[in-house]
Amino acid sequence: MSTFVLMNVSLFAILIATALAITRLRALYEATMLTALFSLVSASLFVLLDAVDVAFTEAAVGVGISTVLFLGVLALTRSREAVTPRHRLWPAGFVVLLAGGTLIYAVQDLPSFGAADTPVQAHPVTETYLEESQHDIGIPNTVTSVLASYRGYDTLGELVVIFTAGVAVLMLLAHAPRPREHLVHRELILADYRIVRVISKILMPFILVFAFYVLFHGDYGPGGGFQAGVIFASGFVLYALVFGLDGARQVLPQSVLLWLIPLGVLLYVGVGVANMLLGGAFLDYNSLNPGDPEVGQHAGILLVETAIGITVAAVMAAVFFSFAGRRLSR
Amino acid sequence: MSWSHYAYYLIVALMMIGLYTVISHGNLLKKLIGLNLFQVSVFMLYIGLGAVEEGSAPIIKDGVETYSHPLPHVLILTAIVVGIATTALGLALVVRIFEAYGTLEEDEVITRDAAEHDGVAA
């Protein structure tokens, strides 16, 4: 048994144990924290499977933003689950066994795990992405070139989904119920603790600079607009957790956020339209600099990644602010 | 059953734990947590399909011959961020349901709806 197999199996053992514990726990606070652990371990698994960009995203999203959102909702609602009646368990178990059995039967047809000669690897598109991209686009991180250039349409679609979901959350939570007078008092905020206040103030610029590093370095290493956006937003989430929502809204007013959410999508589409005006196809970055297509590709990818970063950061921050704002108004 | 597929079996097991949580539990937040588990397991399946045992991360470097396939990575990293955006939408609905019904349990919501419906009919 190779080290690869051994490490995979150990990580899966931790994941399955965590998942079982999550299913059994009735305390939702604990279940949420275990979900964060589940995300962290799956990020390690992604690193082991060479998906460094994915691991980065999973660590930032699953462990950071997702956990904070779940905790925010737990603060608004009830953190204890009712006992699941026994008569619900058996049909669910039956369905799951049936579906699982079918899937186990189906995966027999897949090639061996980790083999090098699978249809995925043998497909001609592999050569395009791994070898020709070096001449066509000229950036080492092929994940970035596929994301922003070869499959630019696809990524635009994903960004529009994020935009739509963000707008929907804002619409659902925008009209807060009228605050009850006797509950209006100054909240105890973490900023009253000196250590937390000082450390978070020191950390804040580093988090934001790191987000920019991730954004601009996405061509050469793991990173890009999605990760950068989430990290940028998490800086403001930290600020809001420590200094309260009003403090964070002074730094990043709601009106600015509401402008930033569509700005990213418009910038992305704008790059595509600019390409068309310059005589290329939609999102064909070569047209940005016909003399040297590589320069055009670099510029196009950077613009598009920035656009992704703006919308993702604004949506994540706005979503967190609206959950947190709900709490103040109740 | 061949043992070279071990990772796929384990991934299916994880998926089914997630699906079981979604189906069997009546608490809406717990359902969302289960959906998250299910979602991450699907991500693993995709990443597993592109992985090569002796491979390297698909960042081109001199002297490296075998890379894992970049396409699943692209699809999944966007899916993760889309996933959190849609989870946030689900959470917003949960908050509104709690504010309207004062409970997160599916059964109680259905019972109250049925009671109100009967009240209107009578």
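Student: What volume does the second largest cavity have?

Tutor: Rolling a probe the size of a water molecule over the atoms shows where empty space is left. In this predicted model, the second largest cavity has a volume of about 30 Å³.

Student: Which residues line the second largest cavity?

Tutor: Its lining consists of A:T32, A:T35, A:A36, A:G62, A:S66, A:T67 and A:F70. Helix 2 and helix 3 of chain A each give at least two residues to this lining. The largest share, four residues, is from helix 3 of chain A. Sorted by class, the lining has two nonpolar, five polar and no charged residues.

Student: How many cavities of 30 Å³ or more does the structure hold?

Tutor: There are two. The largest cavity has a volume of about 120 Å³. Its lining is made of 14 residues, and A:E58, A:G62, A:S66, B:N36 and B:Q39 lie nearest the centre.

Student: Which helices supply at least two residues each to the lining of the largest cavity?

Tutor: In chain A these are helix 2 (28-48) and helix 3 (52-76), and in chain B helix 2 and helix 3 (70-101). The lining divides into five nonpolar, eight polar and one charged residue.

Student: Helix 2 of chain B also contains B:K31. Is B:K31 buried or exposed?

Tutor: B:K31 counts as buried because its relative accessibility is 16%, and the cut-off for buried is under 20%.

Student: What does the side chain of B:K31 reach?

Tutor: The side chain of B:K31 comes to 2.9 Å from the backbone oxygen of B:V22. Leaving aside residues up to four places away in sequence, B:K31 touches A:R88, B:V22, B:I23, B:H25, B:G26 and B:E106.

Student: Next, aromatic rings. How many aromatic pairs are found over all chains?

Tutor: A pair of aromatic rings is described by the distance of the centres and the angle of the planes. A search of the whole structure gives 12 aromatic pairs. In one of them, A:F113 and B:Y8, the ring centres are 5.5 Å apart and the planes stand at 85 degrees, so this pair is edge-to-face.

Student: Where do A:F113 and B:Y8 lie?

Tutor: A:F113 is in the loop between helix 4 (86-107) and helix 5 (119-122) of chain A, while B:Y8 is in helix 1 (residues 6-24) of chain B, so the pair joins two chains. Both A:F113 and B:Y8 are buried. Ring pairs also link A:F4, A:F113, B:Y6 and B:Y8 into a cluster.

Student: Let us turn to a helix as a unit. How many residues of helix 7 of chain A are buried?

Tutor: Helix 7 (residues 142-150) of chain A is mostly covered, with eight of its nine residues buried. The buried ones are A:T142, A:V143, A:T144, A:S145, A:V146, A:L147, A:A148 and A:S149.

Student: Which residue caps the N-terminal end of helix 7 of chain A?

Tutor: The cap is A:N141, which has a side-chain oxygen 3.1 Å from the backbone nitrogen of A:V143.

Student: How many helices and strands does chain A have?

Tutor: Chain A has 12 helices and zero strands. The C-alpha atoms of chain A fill a box of roughly 70 × 50 × 35 Å along the principal axes. Of its 330 residues, 47% count as buried. Among contacts in chain A between residues at least 6 apart in sequence, 71% are between residues at least 24 apart.

How values were computed. Residues numbered from 1 in each chain as written. Chains lettered and ligands numbered in written order. Predicted model: local features only at pLDDT ≥ 70, side-chain atom pairs only at ≥ 80, totals over all residues. Heavy atoms only, no water. Buried < 20%, exposed > 50% of the residue type's maximum accessible area, 1.4 Å probe, protein only. Polar contact = N/O pair within 3.5 Å; in protein donor to acceptor, adjacent residues only side chain to side chain. Contact = heavy atoms within 4.5 Å. Phe/Tyr/Trp six-rings, centres within 6.5 Å; stacked < 30°, edge-to-face > 60°. 1 Å grid on protein atoms, 1.4 Å probe; cavity = no way out; pocket = protein on both sides within 12 Å on 5 of 7 lines; lining within 4 Å. Points joined across faces, edges and corners; volume = space filled by probe spheres on them. Nonpolar A, V, L, I, M, F, W, Y, C, P; charged D, E, K, R; others polar.
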